[in-house]
Amino acid sequence: MRVQAAALRGLRTFGANFWRRAASAPGLRHLAGTDGATGTVRFGPGDVLISAGATWQFPDYAARVDEVRAQGVRFAPLVCDIVPLLFPEWSVRATSEAFESWVAEVLTRADILFTISDATRRDMADYARRKNLSLPPALPLPLGASFPQQADGAAPALQPRPYV
């Protein structure tokens, strides 16, 4: 609960007035596409772009982020995991390569980094250190699944073998 409260305070401080200047700022096509079919998102100085999607699959994503950052917008991506970097054998080579480029682009542009767990935050920190990349302030935002401090004694035990 303490981690979630700290994350909420950080998010509130960082993302205050997220869409405040939507009407007066220059437009930008939706970051996920270039055809504009999803409409225009307007940003202004002091706004925060919180990116919670799988944006690593869009080759021009970094350029789009640069466009909004040039308008004074802060960038806050969410990273769920870095499995394609930790276990490249579980992905096709093109996926691992695209993901690795995305991670480098995110780390060099992010004002703050959100992760879904402390383990992912540590994975990102370790990766950044190995690649000599700077890690922005990183804050875990748990996904809302929490467990009591003590397990229910009546609950069945987990299997002793490895599982996913």
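Biologist: At what angle do helix H2 and helix H4 pack, and how far apart are their axes?

Modeller: Keep in mind that this is a predicted model. In it, H2 (residues 61-69) and H4 (residues 93-109) pack at an angle of about 10°, and their axes are 10 Å apart.

Biologist: Arg 69 was in the H2 and H4 contact. What makes Arg 69 and Asp 111 a salt bridge?

Modeller: A nitrogen and a carboxyl oxygen of the two side chains must be within 4 Å. For Asp 111 and Arg 69 the N to O value is 3.4 Å, and that makes the pair a salt bridge. Asp 111 sits in the loop between H4 and strand E5 (113-115), while Arg 69 is in helix H2, so the bridge ties together parts that are 42 residues apart in sequence.

Biologist: Why is Asp 111 called partly exposed?

Modeller: Buried means under 20% and exposed over 50%, with partly exposed in between. Asp 111 has 26% relative accessibility, so partly exposed it is. Arg 69, at 30%, therefore lands in the partly exposed class too.

Biologist: How many salt bridges does the count come to?

Modeller: Seven salt bridges, by this rule. One of them joins the side chains of Glu 100 and Lys 131, at 3.4 Å from N to O. Glu 100 is in helix H4 and Lys 131 is in the loop between helix H5 (118-130) and strand E6 (138-140), so parts 31 residues apart in sequence get tied together. Glu 100 has a relative accessible area of 30%, which means partly exposed. Lys 131 has 42%, so that residue is partly exposed as well.

Biologist: What about Asp 118 and Arg 122, how do you know that they form a salt bridge?

Modeller: The cut-off is 4 Å, and their side chains meet at 2.7 Å, N to O. Both residues lie in helix H5, four residues apart, about one turn of the helix. Salt bridges that share partners also join Asp 118, Arg 121 and Arg 122 into one network.

Biologist: Now the rings. How many aromatic pairs does a search of the whole structure find?

Modeller: Four aromatic pairs. Among them is Trp 56 with Phe 99, at 5.7 Å centre to centre and 75° between the planes.

Biologist: What makes that pair edge-to-face?

Modeller: Two checks. Ring centres must lie within 6.5 Å, and planes over 60 degrees apart count as edge-to-face. The values of 5.7 Å and 75° pass both, and the pair is edge-to-face. Trp 56 is in the loop between strand E3 (48-51) and H2, and Phe 99 is in helix H4, 43 residues apart. Trp 56, Phe 99 and Trp 102 form one aromatic cluster.

Biologist: Buried or exposed: what does Phe 99 count as?

Modeller: Its relative accessibility is 4%, and buried means under 20%, so Phe 99 counts as buried. Trp 56, at 27%, counts as partly exposed.

Biologist: Last one: why is Asp 47 called buried?

Modeller: The cut-off is under 20%, and Asp 47 has 0% relative accessibility, so it is buried. You'll find Asp 47 in the loop between strand E2 (40-42) and E3. The C-alpha atoms of Asp 47 and Val 68 are separated by 9.4 Å, with the two residues 21 apart along the chain.

Definitions and conventions
Residues numbered from 1 in each chain as written. Predicted model: local features only at pLDDT ≥ 70, side-chain atom pairs only at ≥ 80, totals over all residues. Heavy atoms only, no water. Axes fitted to C-alpha atoms, helices over the stretch in contact; angles between N-to-C directions. Helix = DSSP H or I, 4+ residues; strand = E, 2+ residues; numbered from the N terminus. Contact = heavy atoms within 4.5 Å. Buried < 20%, exposed > 50% of the residue type's maximum accessible area, 1.4 Å probe, protein only. Phe/Tyr/Trp six-rings, centres within 6.5 Å; stacked < 30°, edge-to-face > 60°.
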